[in-house]
Amino acid sequence: MTNYNDPLVSRSGVVFAVSLFSVIASFLFVILRMISKLGILRKTSWDDYFVILAWWIAFGLSFSICFASRHGLGKRDDGIHTEWQKPLAWSQYMFTVLYNPALMATKTSILVFYLKVSENTRKVFRYASVTTLVVVNIAGLVLTGLSIFRCTPFSTIFDYPLPQTAKCSNILRLSFASAPVNIITDLAVLFLPIPTLTGLRLRRKQKIGVVVLFGLGGFVTVIDVLRIAYLQQASRGVLPLNKTPPRDTGNQDFAYYASLSFMWSAVEVNIRIICACIPTLKPLISRVPRLFRRQKSDLSIELPSKVVEPNTNPKLTFPTTAQEIPFPVASHGENASEGVDSVQFITTPHALNMQSSFQPTPSGETLQSLDMTFIHFGNPKSMVSMSNKESFLFLFLATLLSFLSGFEYGFLNTINCRFQQAAKMGPNGMIGSNASFFAGYFVAPLTFGHLILKRWGFKYTFIVGLSIYSCGVLVFWPSAVMLSYSFFIISSFIVGLGISTLDMAVFSFITLCGPPPLAEVRLNISQAVQAIGIVVSPILAQRTLVRYSTDPWLLVRIQWVYLGIAILCISTALAFYYLAWPEASDEELDNVASSWPSTNTTVAGHVRVNYLTLGLGMLSIFCFTGGQGAVYIISLGPSLGPRYQNIANACLIAGRITAALFLLVFEPRRVLLFFSVGCVITAALGMRLMGKPGIVNCILAFFFESAILPTTFAICLRGLGSYTKTCSAFLIAAECGGAVLPAILNPILQSRGNYAWCVIVAAYSFALVFPLYLNLIPIAKNLRYLLVA
């Protein structure tokens, strides 16, 4: 007879013990927090109330898991008695309902604390905290509603066996759906305070200690990833890889496979509460025996709560840098720091016992005046007045961002093909995902993108683009496990928002940073590096696909790569925050434009020539991007395999390097005309060539397409003055043609075959208008490029 208490068969004991221990530990920390707040500081705030609420919800969640573990959770189906089925169903339902509210209350407590801190710090910290708070609560409410009403009709939730007429969403799939939001908000809660904390006027060791203290939330993110790993393991045991959601009660050994993921969910919630309580315990720690008190070499900081009387005359040491202000120790009692809470410590680090000849910081000064930049490359001057040598390092870093976006874009295209195969989607599915991606290019630059670029500059636009980019990558998690086309469309759209915001800042920065005559050369070289990322990432992805080609859970495996990409994006954004980055004001851009008189004095009718050039350039980019996407749909889709895709992507590198070399010798308008005519010729040949010659012709089309976008962008951005940043948003938004032309081409391709190339010929012909205008129209031919900055 099978022993269902055997640990090899049952996990109930482990689930019960760990869940119980975690909720007791969180209870002890909540008690310590309230002793610190009520017993010592004698004051409470809203973040304390939310922590108490979070613990009560966590208690209900942990209790439901413990109760379920005594009624079959963690056991194989054969070990679950029939009378346990109903209480087990109740417990599972309570767990799924309480999980998201517990996370919501805990994160709300932390973010409300951030809002208190942000009253005297940078406004961007406050805005980011409010945004994260809104996302946490909206997402929490939506996910909670889905958990409550996951069965139709509602009354069948607790029925066993589940009636055939009932339709229920699977618990594990709901958990996977919430994973991206949880990780995104986890990373936001983790990284939001770091810039403020690193800007404190503390000694280096003290500053590190404070950052480590607040960085304990990173441990929660690790637990969340571990929980998702167990969810994945449970899914492999109970979820078939198809589009039909199975019912929980119909899954083989559901209670056994899902038990560890439930357990780690309880651990995650309770550890979050503990991490939320730790920063508030300083007043309590100062009361413990001297053995546990801070010595001078410790990382903790002791601040007085009272003003030192004039006769104390403390010894003062004057600061040498803005970040290192020695803190004198109070002489009026060893427990003087008890009255200083966390908010006072962070927001008023200069409120010290100082008098005599030392002048305190003016009362109006806040952390907004602190130097938050840790990595200095000297004092960067205006980007529009930099030489090649001065701009090299910044151009190199901006080009790395291009490589990152190209790497992810190439990987995403490869996964698109695998997703189509797994979800059994036709060409329309690929058209939809492609359209959603390029729709992001239309939305982001014309809404928040150019506003951020105009108001806060290039550095913060990089940061926002990378952050949105990482969010889109994480949304891939539920689409992979649930094989949800809707989630995949959303993911593609968000990724498009992030990459377009990043491209807008990178393209315009590389164009403007350095001597103007080399703008096209710089941008083509940068885009060649981006193309290297587009080439390398599919090769890596294909090796993974080959290795696991027979594994139906391939997409679930690949989601860990996306987690790595998301973390890399967030880390890069944080690194850029600390860089001293060159910028260009509207006044400086106007000065550069005014020194190039031909763009301001030459008019065509009532339109200045630089604005006419901008409009025609946008049309060219729209048609060119659409034609390029159409070429991919026709000849380089998944049916021809990855080999030709890699060769075509390599032609992007060769074409842009070739263009950069040509631009050192010939004028940009002539180089652009050469590549544009090549596009039209290859498109026309595509209507006739079949088989291998047709494939070679398509690859040549990629070669000629390679230089059109960067060269057109750099030409159009000249002489626009204070409108430069706004017009760069218009140029990037014009890439939405990649969503329109493939959708027009697809039905023609299905009915007329190779004749669909006529759509591409038409698109490239319209794009050819721009280089012809530059080379044939006198007002455009007479434009001369500025030789000095």
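Please keep in mind that the model is predicted.

I'll begin with the cavities. Searching the whole structure turns up 10 cavities of 30 Å³ or more. The largest cavity has a volume of about 740 Å³. What lines it? There are 37 lining residues, and those nearest the centre of the largest cavity are Tyr409, Asn413, Phe438, Ile534 and Gln628. Six elements are listed as giving two or more residues to that lining: helix H12 (388-423), helix H13 (427-456), helix H16 (485-512), helix H17 (519-547), helix H21 (609-635) and helix H22 (642-663). Which of them gives the largest share of the lining? That is H12, with eight residues. By class, the lining of the largest cavity has 18 nonpolar residues, 16 polar ones and three charged ones.

Next, the loop between H22 and H23. Glu667 sits in that loop. Is Glu667 buried, or partly exposed? Its relative accessibility is 28%, so Glu667 counts as partly exposed. The C-alpha atom of Glu667 is 9.8 Å from that of Glu520, although 147 residues separate the two along the chain.

Helix H23 itself covers residues 668-686, which makes 19 residues. From first C-alpha to last, H23 reaches 27 Å, close to the 27 Å expected at 1.5 Å a residue. Several H23 residues are buried, among them Pro668, Arg669, Val671, Leu672, Phe675 and Gly686.

Now towards the start of the chain. Arg42 is in the loop between helix H1 (12-41) and helix H2 (46-69). Its phi is near 55°, a positive value in a residue that is not glycine. As background, most residues other than glycine have a negative phi. Why does Arg42 count as exposed? Because its relative accessibility is 66%, and the cut-off for exposed is over 50%.

Last, a helix pair. Helix H3 (residues 85-118) packs with helix H4 (residues 123-148) at an angle of about 170°, and their axes are 9 Å apart. Angles over 145 degrees count as roughly antiparallel, so that is how H3 and H4 run relative to each other. The contact of H3 with H4 comprises 15 nonpolar residues, 10 polar and two charged.

To recap: the largest cavity takes the largest share of its lining from H12, Arg42 is an exposed loop residue with a positive phi, and H3 and H4 are roughly antiparallel.

How values were computed
Residues are numbered from 1 along each chain as its sequence is written. This is a predicted model: local features need pLDDT of at least 70, side-chain atom pairs count only at pLDDT 80 or more; totals for chains, interfaces and linings use all residues. Side-chain values use heavy atoms; hydrogens and water are left out. Axes are lines fitted to C-alpha atoms, for helices over the stretch in contact, and angles run from 0 to 180 degrees between N-to-C directions. Helices (H or I, at least four residues) and strands (E, at least two) are DSSP runs, numbered from the N terminus. Angles under 35 degrees count as roughly parallel, over 145 as roughly antiparallel, 65 to 115 as roughly perpendicular and the rest as oblique. Ala, Val, Leu, Ile, Met, Phe, Trp, Tyr, Cys and Pro count as nonpolar, Asp, Glu, Lys and Arg as charged, and the others, Gly among them, as polar. The expected span of a helix is 1.5 Å times one less than its number of residues. Buried means under 20% relative accessible area, exposed over 50%, partly exposed in between (1.4 Å probe, protein chains only). On a 1 Å grid over the protein atoms alone, a cavity is a set of points where a 1.4 Å probe fits but cannot get out, and a pocket is an open set with protein on both sides within 12 Å along at least five of seven lines; lining residues have an atom within 4 Å of a point. Grid points are joined across faces, edges and corners, and a volume is the space filled by probe spheres set on the points.
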